[in-house]
Amino acid sequence: MIELVNVSKTFNTDDGELEAVRNVSLHINKGDIYGIIGLSGAGKSTLVRCINFLEVPTGGEVKFQGVPLSSLSHKELLLKRRSISMIFQGFNLLSQRNVLKNVCYPLEIAGVPKAEAEKKAVSLLKIVGLDDRLKAFPAQLSGGQKQRVAIARALATDPEVLLCDEATSALDPNTTRAILDLLKEINETMGVTIVVITHEMKVVEKICNRVAVLDHGVVAEEGLVSDIFTAPKSDIARELILPKSAAVAEVKNGKMIRVIFDGQESDEPFISNMSIQCSAAVCIMGANTEDIGGKAYGQILLRLPDDPSAEARIMRYMQDHGTKYEEVTTPAVEEVMS
Amino acid sequence: MTGFLQSCFGNGMLGTYGLAVVSTLKVTLISFAVSYLLGLPLGVLLYGTASDGIFPNKPLSTVLDVIVNIIRSIPFIILLVMIQPLAKIVVGTKIGDNAFIFYLIVASFPYVARMIESSLREVDRGVIEAAQSMGSNNWQIVTKVIIPEAKPSLIIGAAIAITTILGYTPMAYLIAGSGLLGQLAIQYGLYRFDSKIMYISSLLLIILVQIMQVVFNYFAKKTDKRIRN
């Protein structure tokens, strides 16, 4: 559906040239919820703006449904943008228009008659659960509600793709979850392909099926979320996946391992059982797990006792239970700390 | 006391004040309306053609910038003298109310344009970007996004512009326009040493400015949907 071929974007700044995106090639399939993750300044926002040509790439090609966007006239590009909607971290609603009129805006510029536009807007606001706030102005809404209005507005022109630029970064955890659920629902019921830009691994874990890890404008790693999550190859992916609390803990003698949960039963007291059966105490240095439909997903960072036999028992226990884990070397953890 | 009132309002002075208020309002409002009509597109161009605008155009931006700056740097009283030949061509006379309105317009529209430009600059870039992402063309962005979003600020700017124009009106004495308030103040206060009439005329000017300010602020506040209620 979307193909990026060697896309580069260089900005001319006062301090010389700035390469925000370098030779990025990605393939986003129809129906994907595709994550693009990276730290701030990695070039994510620039990259996503290359997909709808809000930023025109300085190199490479962006193809939408096989058509290179650079081959379109300005008018054709404006029409094409109706199929590639976008939502933003700052919501970007029109502050002087009420909820209904905000959702009507894209239909208005597309020349849809007012009555028809309003009918469509109301039905979309029903989907996002805000059909009782039609006359409210954005200033009267909470962050989550504003993003819902923005989502309804983005869906007004029946887009094929929805680009989400840090759409949940300004929201609290509960609201984030609700918005992500809504995006997933839209993807499943309306068949809209979604591209999610984020700096939070949690967001990717929760809704994405594929992910590209961006570092300094370059794709460090790309693939299925489950693969990258269980076996990150690049340093940057490791850094994003490792629980942040690890950075706080003091790393001393014992080995550190990262235990990965990818769908075990949530109610099995895995660490306790392991500790009892191996008669070894472990120290939990950090954890990031979530219960999704009774299955555990996430990871726990453990420090093992500084005792080779206890260590071996634990490793065997995990192998016997088919649990994925990897050893985290002290330098790698220190790298996270720095 | 009666003598004082007599000297202030007697000898037909009451009627003179009334006429002066009406003339002042007329001259100010017409000049403002036309300045705004000229200033709005110019302000949009100043905003849009700037390097960070929505339709950057360096040459046009530079030219407009220079013209606006030149007119704005000439003191009104000098500009008024300089453009007298132009007034003769455009309105057919160098003196009187119509000529004076012409001078006010020439002096004010670049000022109005700058005010509008600065109001438009306050509009959140993110909202404009969102409009662009939905496939809006520049005309739609200007008319449906930028101007409506800037409306409260535009109204406040308009109030400043109109009071500035009102502040220029006393100089009408130079070209013998009909009796405006400011002109009364200068003629009586400066030339005839009749400070009472100067004070009364000035007081009336102050009241006019106050009324306009209150009215504009009311509308600015009323239209601003960013205010929670």
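Which helix of chain A lies across strand 6 and strand 7 of chain A? Helix 5, residues 143-155. Helix 5 runs at about 170 degrees to strand 6 of chain A. Angles run from 0 to 180 degrees between N-to-C directions, with axes fitted to C-alpha atoms, for helices over the stretch in contact.

A word on the model. It is predicted: local features need pLDDT of at least 70, side-chain atom pairs count only at pLDDT 80 or more, and totals for chains, interfaces and linings use all residues. Residues are numbered from 1 along each chain as its sequence is written, while chains are lettered from A and ligands numbered from 1 in the order in which they are written.

Helices (H or I, at least four residues) and strands (E, at least two) are DSSP runs, numbered from the N terminus.

Now the sheet. Six strands of chain A form an open sheet, in the order 6-7-8-3-9-10, with mixed pairing. Strands pair if DSSP finds at least two bridges between them. Strand 6 and strand 10 stand at the edges with a single partner strand each, so one side of each has no neighbour in the sheet. Strands 6 and 7 of chain A run parallel, joined by five bridges. One of the bridge pairs is A:Ile84 with A:Val161.

Next, the two chains. 19 residues of chain A are in contact with 20 of chain B. Contact means C-beta atoms, placed from the backbone, within 7 Å. Helix 3 of chain A gives the largest share of chain A's side, three residues.

How values were computed:
Two residues are in contact if their C-beta atoms, placed from the backbone, lie within 7 Å.
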